[in-house]
Every structure is written in structure tokens, then in C-alpha cells.
Amino acid sequence: MRTIKVSLEKRFPNGWIDRMTALNTVLKSDTEIDYNVSAIRADFPALDLKINGHPLAFLDSGASAQKPVQVLDRMDHAYRSEYANVHRGAYTLSQLATDNYENARMTVANFMNAKTPDEVIFTRNGTAAINLVAYSYGRTFLRAGDEIIISHMEHHANIVPWQLLRDAIGVEIKIAPIDDHGNFLMDEFEKLLCPKTKLVAVTHVSNVLGTILPIKEIVRQAHNIGAHVLIDGCQGIVHDGVDVQDLDAEFYAFTGHKLYGPSGIGVLWGKLDLLNKMPPYEGGGDMIENVTFEKTTYREAPARFEAGTPPIIEAVGLATAIDYVTGVGLENIANYETKLLTYATNHLAEIDGLRIIGRADNKAPIISFELDGVHAHDIGTIIDSKGVAVRAGHHCAQPLMDRYGLVATARASLGMYNNTDDIDQLVDALNYVKDIFG
Amino acid sequence: MEDDIRELYQEVILDHGKNPRNFRHPEDATCEANGNNPLCGDKLTVFVKVGVDQNIEDAAFEGRGCAISVASASMMTDIVTGKKVAEVDALFEIFHKMCKGEEVDETPEKFEDDLDKLVVLSGVKQFPMRVKCATLAWHTINAAVHGEKAVSSE
Ligand SMILES: Cc1ncc(COP(=O)(O)O)c(C=O)c1O
């Protein structure tokens, strides 16, 4: 199954205003959004929970999403009736498990529009995927004095691996700046590009500001000077999807648990010829061609990068989550989430003393905010007593927080199952916070 | 739950949180330490002037944090001034237990007034994730007077 994907940039070329108008048109003609959020909610058992006597308003999908019953049942069934180790035994169950695992790779490949499933490497999570590149690609293709460009709004997962590489081999890290609204500054980025630039590693969507970066243009500019590109798609793939052939980056990393799949699995997609030039990251079983004590030869990608027993059932769960999401339609989800983002933004803006951090033109449904005189941590605790779950803190993006002079924000991040009730519950709970703080 | 919230965010705490006492950087401090709560981004620096006989002559702090951590630092700096380092250690031990909801043995009479004040912070025992907010300042002063530069409370 392949969904037809139109990126948000294409739909709304003139940014925020254009997008609002477009949305209103869509809403009026409501044939274009066919989205039954109640039916979707019914698929997610966690949404029935009562927290501290209130219905759960789960607004932390950016940290990790809840799972639909289809994923849970599929994994349960695979553990009960289809389980054995993969790529090993010559017996029926092992073959079944291997088929499931490799079919999952196919599903992921289709979802990203990869040329071949061999380009899809299963990892432990998104962080591991980036570390794999930093280690294996970084130590092979980069030299002291080469430059890596990252943006000012990276998650620590796309900062620290490059710092480790810097400390190991002496590459330099340059920071592409952003403006006060959280927009990626294309002009400034272009100024940083130079013959020393060998790699650009940026996020697809900021996990704090919600900004959707112009990744296609970033790839184009980077390629112009011969640099490679890694996109951290942990947030982006959920709200914007990806067509890796159209994007043309060298690497795209994402994590399963934010895409309504299980934790414990991530994906590194990479261009096949490049992957096959990279040395293994970890050594062990399954990744070798031939082992003697003198010399070992390695298999091609993806096996080369999947040492040891892989996340077998997690892969099955991830594939089921992808089927679920594509069944609803990634574009339908994005349209709906954008509508809800507008609703949430408008209602939060009405709260006196509330300031939204991140007003980029092109945004995924992530809203970071501050409330006058109240620390995010206090907000988190108090609204939890009303059943509302948001993230409070630095969101693993300290350099970004420093950029805005913040120590912590509260963040509401929306998923495909949120509705206006969740937003209303958040607004009421925030008014309760204000009550307490007087 | 809402009662627990009201108990945690009592007037006294909100007042200390908004108008912290001893929020300054004394020039004559003899030691200082940074306290960092990496999970939520609370950052405090505690300054202490320790005089003869290990007597704390002045205590102050700077930094940013949630209402609980700031209120705790504010109350702490008031309470420890005029005490000996060893007394502060003993008081911290009792306070720590209070915050975690653990049984506290007989408390020395000389601490009675202080503990009466500190008890407002013990509302955190209903919120395990917030215990470290209430104890961050104490961990930090402990580091300062015992010659460590920084602590991280987790
Ligand atoms: C933008 C971004 N990159 C990377 C990650 C890391 O994902 P994981 O913790 O699953 O490795 C996250 C999630 O926290 C994220 O939001």
C-alpha cells in the first residue's frame, strides 16, 4: 500500500496565512477531510484511561505515541504463534518469523518509497540510527578539519553523536541559525556551506518548536557543494511522511515508537551504495559472510548493520503501525492534525500570560509554551491532577532552549487520535494552574 | 488528587517561589556549588559563608527553577544561617526522609521550629517525580560546604 503524499510545503507555499485560508476552504468543503477521530480513538485502548479521576488527555505523542489495538494484537499473536529466531533455523516457525521480519522491512521500504528493502536497516531506535552513521560513515568518510552542519534546533540525538565524532577525529561542527519564530534560515545556511562541508545533519521537524524544515531545499543546496545529508526524521515522518527518492538525502533516520509502533525499534534508511562502503558498526552474529580467526568478511547491507538477534516482534509491530497509519492516510492525518493545531493555538493564545514558543510558518502539531510566572514543571504536575499529560522540561534540546533564553517549557504535542476535547481539557487545566498561582 | 495539589502548592510555597529570600550572590562567600536537575532544567547556585567553628554566617542562592525548588532554596537559606555545618547535615537527613514519605525517628528539639516550617514542602511525597525539586537546594549546599563543585539530583 502506498499513500499519495503532498508535502505541507507544497500545499501551503506561502506559509501560515495561506495555510489558514486553505484550511478554512477545506473545512467548508468538508469532502476533502474524511476523518473519523472517534473511530480512531476507539482503536487506542490507552485513551480510555482515567487519570486522577479524569479522562486522560494525552498530549505527549511527540515523546512517544500510544499504540492502536491492531499493533498490540499483531505483536501478541506473533509472540504466541509465529515466534522463533530469524535467519537461522531450517524449521517452519523460524521461516515464518524470518518472513514476518523481512516483510516488515518491505513495508517500511514502501512507506518511505525506498528503492529496495536492502536500504532499510532496523536499529534499536532513532538515536541508534544516527549513532550508526556518525560512527560508521563518520570515521570512514570524514577527516580532521571537515565540517558538519547541524541546525540550532536539533534534539541531543542529533548533536551528541557528532560531538563524539569531533572528539575522536577532529571534525568541526557548524550551527545553522534560526529566527525568533523558529524558522530555519535558508540564507544563513547557504553561507555556512563551503568546500569543507562534508555532511549536513538536520532534523525534519523540530520536537520543541514544531517547525517543518525545508529539507528538500537543504538537500539540494548541500548536494550543490558535494556534501552528504542525514535527516533526523523521528518527528518528521509522523506528520509529514517521507519519499526518500524524491528527497534524495543520503540518510534518513526515524524511531518506531513515535509512529504508533512499539519502542525498541528504529530505522536507518541509507543509499545502498553508500551503506555498502561503510564498515560494520557492531560485530557479531548475522552480519558476517565468513569468519576465521584471521579474517572476517561482512555481508552487504542491511545484514552488515544488524549484528545479533534483531528486534523481531518490534519490526512486526512497526509494520502494523505503518499499515494502520497508511490505512487512515498520512495526508488525512496531517490535514486533521493541522486543523487541530490551529484550534489549539487559537485557544491557548486566549489564555492571559501564555506565550507560545515557535511560530514558524510551516508547523507540525507541536506547541511549546510558557505561562507567566509558572515554571513548566509546576504546570506539568498540576495539570496531571486534571488528567492532562504534557511534557515539561528542556525536551533534550538544551542549545535550542538557550537560544530562546529558556530553561524549560511545557509542550503539548498532538497525535492522530487527539480531539478538541483534549484541547479544551488542557485549556481548563491551565486556567486551574493560573488559579493556584493567583 | 486536587487536595494533594493544593497541599503542595500552599501559600507559603507560592510566596517563597515568587519572592525568594536570600536571592543574591554574596561577595564574601567562602564556598559555592551548582545544583542541576537535568530532567527538568532546574539550575541553582548556592553560596555559603562558613566562618570559625564551621558556623554558617550567610547562605544565599541564585538560579532558575520550579516553584518547589525555588521555595525550598529560599526557605533553606533562611534556616541554615546561624547553624553549624554538622547541624545542617543532620537537618537535611531528616528533611530528605520527610520528602520521601519515610518514617522519621525522634527529631532533636532544637530543630522543631525549622521542621515546622519545612513541613510544607513534604507535600512532594505524593509526587515522587518532584522530590528532587524539593531537595535540590539541600543537595547543593551539602556539596558546597563539603567541597564539591556541583551536584546533579536525579
Ligand atoms: C527530533 C528527534 N530526534 C531524535 C529523537 C530520539 O528518538 P529515540 O529516543 O527514539 O531514539 C527524538 C525523540 O525524542 C526526536 O524528537
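Is A:Asp180 buried or exposed? With a relative accessible area of 59%, A:Asp180 is exposed, because anything over 50% counts as such. Keep this residue in mind as we walk through the structure, which is a predicted model.

Let's begin with chain A as a whole. Its secondary structure comes to 17 helices and 17 strands. The radius of gyration of this chain is 22 Å, close to the 22 Å that the globule rule gives for 438 residues, so chain A is as compact as a globular protein of that length. Of the 438 residues, 57% count as buried. The accessible surface of the chain comes to about 17,100 Å², and carbon and sulfur atoms account for 50% of that surface. Contacts tell you something about the fold too: among those in chain A between residues at least 6 apart in sequence, 73% join residues at least 24 apart.

Now back to A:Asp180 and its partner. The side chain of A:Asp180 meets that of A:Arg403 in a salt bridge, with 2.9 Å from N to O. A:Arg403 belongs to helix α16 (residues 398-403) of chain A, while A:Asp180 sits in the loop between β6 (172-176) and α8 (186-192), so this pair ties together parts that are 223 residues apart in sequence. A:Arg403 counts as partly exposed, at 26% relative accessibility.

A second salt bridge of chain A links A:Glu250 and A:Lys271, whose closest N and O atoms are 3.1 Å apart. Here both residues are in loops: A:Glu250 between α11 (244-247) and β9 (251-255), and A:Lys271 between β10 (266-270) and α12 (272-275), so the pair ties together parts that are 21 residues apart in sequence. A:Glu250 has a relative accessibility of 5% and counts as buried.

The side chains of B:Asp28 and B:Lys49 meet at 3.3 Å, N to O. You will find B:Asp28 in the loop between α2 (11-18) and β1 (31-37) of chain B, and B:Lys49 in strand β2 of chain B, so the pair ties together parts that are 21 residues apart in sequence. B:Asp28 is partly exposed, with a relative accessible area of 42%, and B:Lys49 is partly exposed at 25%. Salt bridges can also share partners: in chain A, they join A:Glu147, A:Glu172, A:Lys174 and A:Lys196 into one network. Over all chains, the count comes to 26 salt bridges.

Strands of a sheet pair through backbone hydrogen bonds, either parallel or antiparallel. In chain B, an open sheet of four strands has the order β3-β2-β1-β4, with mixed pairing. Strands β3 (56-64) and β4 (150-152) of chain B stand at the edges with a single partner strand each, so one side of each is left without a neighbour in the sheet. On average, neighbouring strands of this sheet are turned by 20 degrees against each other, direction ignored. Strand β2 (residues 42-50) of chain B pairs with β3(B) in the antiparallel sense over eight bridges, and B:Lys49 stands opposite B:Asp58 in β3(B).

Which strand of chain A is mostly covered? Look at β17 (residues 409-413), where five of the five residues are buried. A:Thr409, A:Arg411 and A:Ser413 point one way from β17(A), A:Ala410 and A:Ala412 point the other way, and all are buried. Strand β14 (residues 366-371) of chain A pairs with β17(A) in the antiparallel sense over four bridges, and A:Ile367 stands opposite A:Ala412. Strand β16 (residues 391-393) of chain A also runs antiparallel to β17(A), joined to it by three bridges. One residue pair there is A:Gly393 with its bridge partner A:Thr409.

Finally, let's visit some details of the backbone. A cis peptide bond joins A:Ala301 and A:Pro302, with omega about 0 degrees, and A:Pro302 lies in the loop between β12 (296-298) and α13 (312-328) of chain A. A:Tyr260 has a positive phi of about 70 degrees although it is not a glycine. This tyrosine, A:Tyr260, is in the loop between β9 and β10 of chain A and counts as buried, at 2% relative accessibility.

Notes:
Residues are numbered from 1 along each chain as its sequence is written. Chains are lettered from A and ligands numbered from 1 in the order in which they are written. This is a predicted model: local features need pLDDT of at least 70, side-chain atom pairs count only at pLDDT 80 or more; totals for chains, interfaces and linings use all residues. Side-chain values use heavy atoms; hydrogens and water are left out. Two strands pair if DSSP finds at least two bridges between them. Helices (H or I, at least four residues) and strands (E, at least two) are DSSP runs, numbered from the N terminus. Axes are lines fitted to C-alpha atoms, for helices over the stretch in contact, and angles run from 0 to 180 degrees between N-to-C directions. The radius of gyration is taken over C-alpha atoms; the globule rule is 2.2 Å times the number of residues to the power 0.38. Buried means under 20% relative accessible area, exposed over 50%, partly exposed in between (1.4 Å probe, protein chains only). Contact means heavy atoms within 4.5 Å. Accessible areas come from the Shrake-Rupley method with a 1.4 Å probe; for residues, only the protein chains shown count as cover. A salt bridge is a side-chain nitrogen of Lys or Arg within 4 Å of a carboxyl oxygen of Asp or Glu.
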